[in-house]
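Shall we ask what its labels rest on?

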Amino acid sequence: MLSDPIADMLTRLRNANLAGHDRVEMPASKVKAEIARVLQDEGYIQGYGLSEAEGHPQLWLEFKRRTPQGKPLTGLRRISKPGLRVYRGSQSIPRVFGGLGVSVVSTSKGIMTGREARQQHLGGEVLAEVW
């Protein structure tokens, strides 16, 4: 059993991206699927979906192709951890690299980017930063 499934997801994404894989699979959960939705909406991944493998749900993510400017997904960082939860109000949600990246925030209205949370005046748990 994993103590931090979101950190495991981010680590799998980081490793597969650095290794140049086109696709990565991991155990599925609703939170991971919502994080994948945010990554797709922001243009960091090509797509995602759910599948079944040996009776267990799997989440797969497909990376975008490398362009002359580089990879769309360059880095990921877990902010709130099981041992130290990080909560922020709507005005103190961090901006990643001055707006070049996004922060993923879990709010009372679901998982969204930090920009969306600021616009809706929602605070929450800052799950990760992506750039």
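Some questions and answers about the labels follow.

Q: What kind of model is this, and how are its residues numbered?
A: This is a predicted model, where local features need pLDDT of at least 70, side-chain atom pairs count only at pLDDT 80 or more, and totals for chains, interfaces and linings use all residues. Residues are numbered from 1 along each chain as its sequence is written, and side-chain values use heavy atoms, leaving out hydrogens and water.

Q: What makes up the secondary structure of the protein chain?
A: Helices are DSSP runs of H or I with at least four residues, and strands are runs of E with at least two, numbered from the N terminus. The protein chain has three helices and eight strands, in the order α-β-α-β-β-β-β-β-β-α-β.

Q: Why is the protein chain called as compact as a globular protein of that length?
A: The globule rule is 2.2 Å times the number of residues to the power 0.38, and the radius of gyration is taken over C-alpha atoms. For 131 residues the rule gives 14 Å; the protein chain has 15 Å, close to that, so it is as compact as a globular protein of that length.

Q: What makes a set of residues a nonpolar core?
A: Its members are buried (under 20% relative accessible area, 1.4 Å probe, protein chains only) and are Ala, Val, Leu, Ile, Met, Phe, Trp, Tyr or Cys, joined through side-chain atoms within 4.5 Å. The largest such core has 24 residues, with Met9, Leu13, Ile35, Leu61 and Val130 having the most contacts (heavy atoms within 4.5 Å) inside it. Its largest share, five residues, comes from α1.

Note on methods:
Buried < 20%, exposed > 50% of the residue type's maximum accessible area, 1.4 Å probe, protein only.
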